Amino acid sequence: MRSPIFRFLLSIFILLLVHHASSISLSAESNLEYLHAIKKIDVHTHNRADEAFIREIHEEDNWKYINVCVASRGTESTLAQREISKALLSKYPRHYAWVTAFDVEGIFEEGWIDRTLKTLKEDFDNGAIGVKAWKNIGMEIQKPNGEYIQLDDPLFQPIWDLIAEERKTLVAHMGEPLHAWMPTYTTADGFHRNYWATHLEYSFYDKPEKPSYSDIISAADTVIRNNPKMRYVGAHLASLEFDVAELAMRMDMYPNFAVEIGGRTRYLMWQARGKVRAFFIKYQDRIMYGTDMGAQGGYNDKQRRERKARMKERNAQFARYFATDDEIPFGDFLS
């Protein structure tokens, strides 16, 4: 039986089938109207506050969000994310589900794994449907000898065993797109055209002391292969967004492997549309929609209106890409 993160419908992609079905001819606007009407899940959001405008989006556009915790800023941040996620689920079960994360502070200290397993069990009891592993594993955390710890390190095996035993799901953001190992790109007038131009800590170009892209992807593959009873969702198209053929190969090899888009739709736009469409049709029950957006809180009224508008526009852009033959400008940005 599939966990909720798999059962949550992947309906934004069904329109690829509807739009091109040989026996049905629907207009682009009809497709968009249908897509707006059906219930949808964004499986990758970050909501750190109880903001009414998020629930307005849910009601106006038929969404539910999976709130994903990320252990990226220390113990206090991770704890705060877990607490708000539990509170949002308890208060608004129609609007939210949540994925927990394990804190990596003190990772090499005695007792870390026992504390981590205890916390994860508590989170599962409080409704968490999965566990997020983040790119600091593979890209940041170093062992005492200076070696970068990777996802397939035996240290993490008790966590994978628990996830499988509890029939939950590992959501893993491992590595970055290949661009992180390429030169950053800034235009002549100073405009940064990719993420790594302003996040140099994740720009590994010309840094031979850092792990390679292949090191990180290979470690993730090992975890998927060695834990066939654990459901594994590759966040951000598993950092293989540059070619859906790489994803298809893993779909065929690993029945426990699935992906979510998580803000990587632009990479799909750069590939042949027919190739992408064939991939979505074949693996439609193992691909999930995500935006990597959400609400941090602390907004004034103007900021709330702007944030709501931006989130709705992002979904509208992506819906037009998935449900019609239209070109949209978002794919032009290298980021």
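Predicted model: local features only at pLDDT ≥ 70, side-chain atom pairs only at ≥ 80, totals over all residues.

Once residues up to four places away in sequence are set aside, the contacts of Trp134 are Val70, Ala71, Ser72, Glu140, His173, Met174 and Tyr202.

## Two buried arginines

Arg264 is placed in the loop between β7 (257-260) and α11 (265-269), and with a relative accessible area of 9% it counts as buried. Beyond its neighbours within four places in sequence, Arg264 is in contact with His173, Glu176, Pro177, His236, Leu237 and Glu241.

Arg55, by contrast in its setting, is found in a helix, α4 (residues 52-61). The relative accessible area of Arg55 is 17%, so this residue too is classed as buried. When neighbours within four places in sequence are left aside, Arg55 is in contact with Asp50, Tyr92 and His95.

## Packing of α4 with α13

Two packed helices are described by the angle between their axes and the distance between the axes. For α4 and helix α13 (residues 301-323), the axes come within 10 Å and cross at roughly 35 degrees, and the crossing in which α4 passes α13 is right-handed.

On the α4 side, the residues that take part are Phe53, Ile54, Glu56, Ile57, Glu60 and Asp61, and they meet Arg304, Arg307, Lys308, Met311 and Lys312 of α13. Sorted by class, this contact of α4 with α13 holds four nonpolar and seven charged residues, with no polar ones.

## Packing of α10 with α12

Helix α10 (residues 244-253) packs with helix α12 (residues 273-282) at an angle of about 20 degrees, and their axes are 10 Å apart. Because angles under 35 degrees count as roughly parallel, α10 is described as roughly parallel to α12. The crossing of α10 past α12 is left-handed.

From α10, the contact draws on Val244, Ala245, Leu247, Ala248, Met251 and Asp252, and from α12 on Lys275, Val276, Phe279 and Lys282. By class, seven residues of this contact between α10 and α12 are nonpolar and three are charged, and none is polar.

Ala245, which has its place in α10, counts as partly exposed with a relative accessibility of 38%. Ala245 and Lys275 are separated by 30 residues in sequence, and their C-alpha atoms are 8.6 Å apart in space.

## Positive phi at non-glycine positions

Asn62 is not a glycine, yet its phi is positive, at about 65 degrees. The residue lies in the loop between α4 and β2 (63-68), and at 24% relative accessibility Asn62 is partly exposed.

Ala238 likewise has a positive phi, of about 60 degrees, although it is not a glycine. Its place is in the loop between β6 (231-234) and α10. With a relative accessibility of 13%, Ala238 counts as buried.

## The protein as a whole

How many helices and strands does the protein have? There are 13 helices and eight strands.

If contacts between residues at least 6 apart in sequence are considered, 72% of them join residues at least 24 apart.

Notes: Residues numbered from 1 in each chain as written. Heavy atoms only, no water. Axes fitted to C-alpha atoms, helices over the stretch in contact; angles between N-to-C directions. Helix = DSSP H or I, 4+ residues; strand = E, 2+ residues; numbered from the N terminus. Parallel < 35°, antiparallel > 145°, perpendicular 65-115°, else oblique. Left-handed = near helix turned anticlockwise from the far one by under 90°. Contact = heavy atoms within 4.5 Å. Nonpolar A, V, L, I, M, F, W, Y, C, P; charged D, E, K, R; others polar. Buried < 20%, exposed > 50% of the residue type's maximum accessible area, 1.4 Å probe, protein only.
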